[in-house]
Amino acid sequence: MDSLWQYIVQRVAATIPMLLILIVVVFLILRVIPGDPARAMLGGRNVSAEYIAEVRKEMGLDDPLHQQFIEYIWGLVRGDFGTSFRTDQPVLHELLIRIPATLELAFYGMAIALLLGVSTGAWAAVRSDTYIDHGLRLFHIGAFAVPLFWMGLMFQIIFAVYLGWLPVGNRLEALSMATFDPITRFYTLDALIKGDLGLFVEAIKHLILPALTLGIIQAGLLGRMTRANMLEILDEDYVKTARSKGLKERAVIYKHALRNALIPILTVFGLQFAILIGGAVLTETIYAWPGVARFLITSVNARDFPSIQGAIVMIAIFITTINLIVDIVYAQLDPRVKY
Amino acid sequence: MIFGNLFSGLFSKLRKTLGREKLLAVGLTVVIIYILITVLAPWITPYDPVDYRSAPRLAPPSLQHPMGTDQLRRDLFSRVISGARAPITVAFGSIALSMGAGTILGLVAGFFGGVLDRLLSLTMDALYSFPSIILAIVLVAVLQPGIDTMILAISVVYIPTYFRVTRSEVLTIREETFIEAVEAMGAGNIRIIFKHIAPNVVNAIMAVSSFNIADAILTEAALAYLGFGLPPPTPDWGFDIQNGQKFLQAGYWWLVTFPGLMIVFLSLGFGMVGEGISDILNPKRKQQKV
């Protein structure tokens, strides 16, 4: 067990420089490339040069770059992400109230992706080179060839506007939203904690379209991987052994092949999560989903630099954490990984 | 000369297998049609894509306007045809740029190793793990909008891919005996990298790049859709979808449908090319029978 802890500490230590590099890159993009954040923030407003100078000073933009960076990092360490230009609220607060929305969406999106991707990928491999395989492969390629935002719009127009089966957007109906007192801010979880089944159904209904939009794109990628892994494994000796000792085909496929085909998929889980968060930018915009990704877009449009930076740092923390967890779980599952 | 060597091998392979590889053949056909559309757009479009004069407002598809018209009385067919230019230019431009930068950095890092390699690898890993579209949005937002900005922003996203592919190929190839032989014969580093290692890396890169072009087209469309693309009235599918979205609820379906389908078929085309090339490079993937 000691060595596992050692491995975890080692992985955490390796994560920190990665996070730091992302913070540096974003910091540099926002400080060095644009002309003047103060002027950008004030937009086209007609203000005097003195006023801009004052704002610059207030924002600390006149300090040397390394000093600004050290101050920013020191702030992050203390949990101070700065103050939003737009709302005058601490950026961390703005982020914290939105994180559960994004994570909840990501969770359901990933669940759909796994279900759809793994099942179709495995099926295609088992029926390799038949029409089923060709059809499923086309679905896999097609799933990530369709622009996510376009698919989202199409779903919205078909299922929400024309058929009226599901809501157009947001996390709950306006009325429920106004009276709802969140506990964890994961609305499906909150509804269950409160034992409010109606609210749970309402939250799920609002989740279906955004999660499906996010999930289908991922399903294409996961399906391709599952198929490729399965094809390789179905050719392995231990699968042949399992067959020749008279095991039922179902047992061979599910117990022997699919299980082992899924382990390599875990390694790309972190990457999948990153793609999911990227997709959330579009999904949250289309479905008016009040999450971190939508907050980022609104902040970019308002040139709200502290919020942009904060949102990106937060997303970077998410992703490095997920990667860390994946590494550790993988080491546990695959006995070949030594730690 | 070097480039001749690099590509001739792959192209002869392509020609031979095009008959067998239907996926690749279909994909290539689609891509070529789109490139022709882009080049010939001024002669194909029946109306000026940005000019609004005689056409009716928000007219459904008809013989005169096969894809209908938009709220500014512009012919949608003309806009959709001219709209191919931006995504295709951005996709090819950005992939070329990232391929160049990523490959060179990967060759250098893989060949020389050491601190430089470690620093580059760490940076690339960090960028690679980050959602690409978010990186592109921030870059486009802080720079002036335009084709160059889009190419630059999207190319940054794919540099890590080429870096990683190249670096790992270099690390494998470096250990081969023929490199040792060339080194023993006194060849310089630059010569070894470009003359002996780079050609071996090309195969790996070709398969990756067609998937990346498909992805770059989607990223460009997404940026344009979110309003970070080219300034209007330049025709661009993503932007036209954003424009048409407002009228979707009122039943004007054509504004969103046609530009969307154009994106779907183009990125599908590149996706099929990528699948086809992967099948050729890795025949096991396809031929394996249960």
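Residues count from 1 along each chain as its sequence is written, and chains are lettered from A, with ligands numbered from 1, in the order in which they are written. Since this is a predicted model, local features need pLDDT of at least 70 and side-chain atom pairs count only at pLDDT 80 or more, while totals for chains, interfaces and linings use all residues.

**View 1. Chain A on its own.** Chain A has 16 helices and 0 strands (DSSP runs numbered from the N terminus, H or I of at least four residues for helices, E of at least two for strands). Its C-alpha trace spans about 85 × 55 × 40 Å along the principal axes. Of its 339 residues, 40% are buried, meaning that 20 or more other C-beta atoms lie within 10 Å of a residue's own; 12 or fewer makes a residue exposed, anything in between partly exposed, and C-beta atoms are placed from the backbone. Take the chain A contacts between residues at least 6 apart in sequence, and 72% of them join residues at least 24 apart (a contact puts two C-beta atoms, placed from the backbone, within 7 Å).

**View 2. Where chain A meets chain B.**

**View 3. A closer look at Ile297(A).** This residue sits in helix α15 of chain A. Ile297(A) counts as buried because it has 21 C-beta neighbours inside 10 Å. Skipping residues up to four places away in sequence, Ile297(A) touches Val281(A) and Thr285(A), plus Leu226(B) from the other chain.

**View 4. The bent helix α13(A).** Helix α13 (residues 249-267) of chain A bends by about 35° at Leu258(A), the angle between axes fitted to the seven residues ending there and the seven starting there. Its buried residues are Val252(A), Ile253(A), Ala257(A), Leu258(A) and Ala261(A). They pack against α6 (99-126), α11 and α12 (237-244) of chain A.

View 5. The 12 residues of α10 (residues 237-248) of chain B should span 16 Å at 1.5 Å a residue, and the end C-alpha atoms are 16 Å apart, so the two agree; the expected span is 1.5 Å times one less than the number of residues. Buried residues in α10(B) include Trp237(B), Phe239(B) and Asp240(B). The buried residues of α10(B) pack against α8 of chain A as well as α3 (76-82), α4 (85-112), α9 (189-225) and α11 (254-281) of chain B.

View 6. Chain B averages a pLDDT of 82, with 89% of the residues scoring at least 70 (pLDDT is the predictor's confidence in each residue, from 0 to 100). Within chain B, α4(B) has the highest mean, at 91, and helix α12 (residues 284-287) the lowest, at 50. Over residues 286-290 of chain B the pLDDT is below 50, and this stretch has 9 contacts in the model beyond near neighbours in sequence. Where pLDDT is low, the predicted coordinates should not be read in detail. The model scores ipTM 0.84 and pTM 0.85.
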